[in-house]
Amino acid sequence: MAPPAEVLAVRGLSKTFPGVRALDGVDLTLHPGEVHALIGENGAGKSTLIKVLTGVHRPDAGDITFQGRPVAFSTPMEAQKAGISTIYQEVNLIPLLSVARNLFLGREPRTRLGLLDFGRMHREADEALRAHGVRVDVRQPLRTLGVGAQQMVALARAVATDARVVIMDEPTSSLEPREVETLFSVIRRLRESGIAVVYVSHRLDELYAVCETVTVLRDGRRVHHGRLADLDRLGLVSTMLGRDMGEVRSEGLTKFTGDHHAAAGEPVLQATGLTVPHRLHGVSVGIRPGEVVGLGGLLGSGRTETAKAISGALPLRSGDVVVAGAPLRGGSTPAAIRAGISLLPEDRKSEGIVPGLSVRENIALAALPRLSRFGLVSEARVDAVVDTFVRRLRIKASSPHQKVGELSGGNQQKVLLARWLAMNPKVLLLDEPTRGIDVGAKAEVQKLVDELAADGLGVLLISSDLEELIEGSDRVVVLKDGAVVGELTGDDVTEDKLMRTIAGDPPAPGAVEVAATDD
Amino acid sequence: MTETALRTAPFDKTRVLAWLQSYGVYAGVAMLLIVNTVITPHFLTAENFRTQAVQVAPVVIVALGMALVIGTEGVDLSVGAVMALAASVTALYLGYGLLPALLVVAVFAAGAGLANGALVAFVGVQPIVATLALMVGGRGIALVLLPQLQDLHNPALASLGSGAVAGIPYLILIAAALALLIAFVVRRTTFGRQLLAIGDSRPAAQLAGLPVRRVLVVVYVVCALLAAVAGVLATARLQASDPTSLGNLMELSAITAVVVGGTPLTGGRISIGGTVAGAVLIQLLTATLIKHDLPPSWTQIAQAIVIVCAVYAARGRGKR
Ligand SMILES: Nc1ncnc2c1ncn2[C@@H]1O[C@H](COP(=O)(O)OP(=O)(O)OP(=O)(O)O)[C@@H](O)[C@H]1O
Ligand SMILES: [Mg+2]
């Protein structure tokens, strides 16, 4: 293949943060129309590479050539104007501005008087989003959208500008299969028009589906690059983790054991008729000790809301939650937590981590009262808990005192998991627990969920990764438009049945028992 | 498009600014001490230090409470008014003895703090607006209770204001003890940790099950109580209750001390040592300029420059 002139060339890029060498002499070349996978473990330096490229961070050394000319962007806006458009890992739109304003930020259409042309903006925004299969009111503030929909807005924004290179840092972490398809068709369109794409994801199937070439980073260094087809999954994972194939194979790309847990006895959690105006209409879910119950459904079907309602974060209009036989006062998070319910929230950036506090304090946050005596924090006990979980979840930080906001996305997620596991909950509500987590750690988290269930914990699992949902759950409750539309048990827990239940196809006889629904 | 070549091993501005925000205030104090030792006659005397410390003590006490409030991403504009209120109430109830009077003061202050805290935590009013009401109204109430300056003749109160142990005035000892106490609370207690988490990210704190409202209310109550302590101490030193002017502009001095001391207005981080040093820095700066017969307008300009520097150092942090 005679490559056309490269559009972007990076040579010897290095970046050091206090205590970590995030990038160490990294090279990267992109040709027009190339879709390039950038992979590596959590904290390998993928996001840092992207941020240095686009002017978020300043490199310590190295140079960047874009369209044949050396460049050094000092702000992301500059990079974007020059023709590198980026979807950052943490959605970086402005929550309080409308969807349309976000879409056109920095390039708003103006009237002849120089005022914002809202009419045109709303019309064009609506068209652009529809083209990506998203139907929302573009006048609404962005924050009213779920994380997945926000990701689609970021995508629409990134490809709407006139870019030569489009960079996507884990664009699918909150997307449903249907939207991932949309994203892929967008990528194919970009490729056909000669635009280069950098694609970061921890979901290997996606990489094989759209990428031709690959760069693997490990501890800030490029350890492999070439055609993706030359490496199989196992090879890719072993290069990424820096372990040999045999070792990886024997451990397997294990995820959930797939075994069904012996769930017995009275439900540890019974939520009945949960109703939240406009969002949930009489949702009922029960979880027995040792059981992993999956919540299936599309974006906006009410899965996150169900989890939040159970954990007291959303005020209920009606419905009750009973934990281990004791009714719970609704609408109070502290009460739910005291009763033994822990929620790992979907939106880790704004509802999960406390970015300015250290890893240590973030892990201990919820458990503080238990780790204190007479209102004084016992540092020894905190250290013990933090040590355990940093090791168990392999949290990569320069020290427990590093600010969580400085960790890589996947490691932030692990810190949050640690926070909730430290609570010894009876019921664990996991909303996208492996979002943005690397293959190794994902298997780790999934194993952990299995173990916790085996110990008698009740787990509610929400995941847009269907495979994970199917393999991890003993039972799947399917939601649609805020109501339960079906339940899959036993051998019916399959991807196919799930999709059909969601689509509302007439179920194969006996396959789906429709639970009582609606208010 | 920029075409400048990339600089290798650049001078790291971020780290310098971060250092300045955390420690600049101590460097400033040290510098002023050195400069004064050289240019100001009779600067290095116990008497002078005592005077400076006695003058700065009330500001320090108020600033401690302010630091807590700012740590929750709030602000309390009513501290000056609460000082005035404390002065009036002291005057009214001093007849029953100092201790009963102090108890009544505490009740009033706690009430003021509860009002602020409830508005912020339960009603969801912006702190600046919520406390503005009391800033205006509190002094009004103080003046209704005691319309003009009143001299106070109470030996216990007088000794509180001018007594000393081993040559160190009570005022200074009380301020130092409170500073240590608050620093301890911030660092070591569950309450302190929760306060910082709430200031850094309230939604996250809420979902982590922290008693967000209770912590906020307590913070405003503590701030008001500290302001009241400062009000009583200032009254004791004057041996007069002066609700008209006591604590005027105190909210600004306190906020300045906190910000100059390296506590960001965005919450989530509190530096108690810095806050104390910030108050001392402003005090020394003012004293220096006055000693050298510069007009008060210079003092204000100098203060403004210090504030701008502090805000700049705070802004430049955490990026790049
Ligand atoms: N602003 C920062 N300050 C300090 N350290 C940082 C900062 N940003 C990143 N790091 C560190 O740099 C390393 C690389 O982080 P980066 O975010 O690039 O990882 P990543 O490969 O994108 O991982 P993930 O898959 O989890 O998103 C990590 O060890 C991280 O802790
Ligand atoms: Mg990343």
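**Figure 1. A salt bridge within chain A.** A:Glu305 and A:Arg279 form a salt bridge in which the closest N and O atoms are 3.7 Å apart. A salt bridge here is a side-chain nitrogen of Lys or Arg within 4 Å of a carboxyl oxygen of Asp or Glu. The pair links distant parts of the chain, 26 residues apart: A:Glu305 sits in helix α10 (residues 303-310) of chain A, and A:Arg279 in the loop between β11 (269-276) and β12 (280-287) of chain A. Helices (H or I, at least four residues) and strands (E, at least two) are DSSP runs, numbered from the N terminus. Over all chains, the structure holds 23 salt bridges. The model is predicted, so local features need pLDDT of at least 70 and side-chain atom pairs count only at pLDDT 80 or more, while totals for chains, interfaces and linings use all residues. Residues are numbered from 1 along each chain as its sequence is written, chains are lettered from A and ligands numbered from 1 in the order in which they are written, and side-chain values use heavy atoms, with hydrogens and water left out.

**Figure 2. Domain 1 and domain 2 of chain A.** The domain assignment, automatic or from a database, divides chain A into domain 1 (1-83 + 164-171 + 183-230), domain 2 (89-161), domain 3 (255-340 + 426-434 + 441-510) and domain 4 (351-424). Eleven residues from domain 1 of chain A and nine residues from domain 2 of chain A make the contact, meaning heavy atoms within 4.5 Å. The C-alpha centres of these two domains lie 25 Å apart. Between them they bury about 860 Å², 55% of it on carbon and sulfur atoms; buried area is the accessible area (1.4 Å probe) that two parts lose on being put together, summed over both. On the side of domain 1 of chain A, A:Gln80, A:Glu170 and A:Val186 lose the most area to domain 2 of chain A, together 39% of what that side buries. Zero salt bridges are counted between the two domains.

**Figure 3. Surroundings of ligand 1.** Of the 20 residues around ligand 1 (a heavy atom within 4 Å), A:Gly43, A:Ser47, A:Thr48, A:Ser408 and A:Gly410 come nearest. A polar side-chain atom of A:Ser47 is 2.6 Å from an oxygen atom of ligand 1. Polar backbone atoms also approach ligand oxygen atoms, at 2.7 Å for A:Gly410 and at 2.8 Å for A:Gly43.

**Figure 4. The interface of chain A and chain B.** In this interface, 50 residues of chain A are in contact with 32 residues of chain B. The two chains bury about 3200 Å² between them, of which carbon and sulfur atoms give 58%. A:Arg58, A:Ala72 and A:Leu365 supply 14% of the area that chain A buries against chain B, more than any other three residues.

Figure 5. In one of them, A:Glu379 pairs with B:Arg188, the closest N and O atoms being 3.0 Å apart. Strand β4 (residues 61-66) of chain A gives the largest share of the side of chain A that touches chain B, four residues. That side divides into 26 nonpolar, twelve polar and twelve charged residues. Ala, Val, Leu, Ile, Met, Phe, Trp, Tyr, Cys and Pro count as nonpolar, Asp, Glu, Lys and Arg as charged, and the others, Gly among them, as polar.

Terms used:
Polar contact = N/O pair within 3.5 Å; in protein donor to acceptor, adjacent residues only side chain to side chain.
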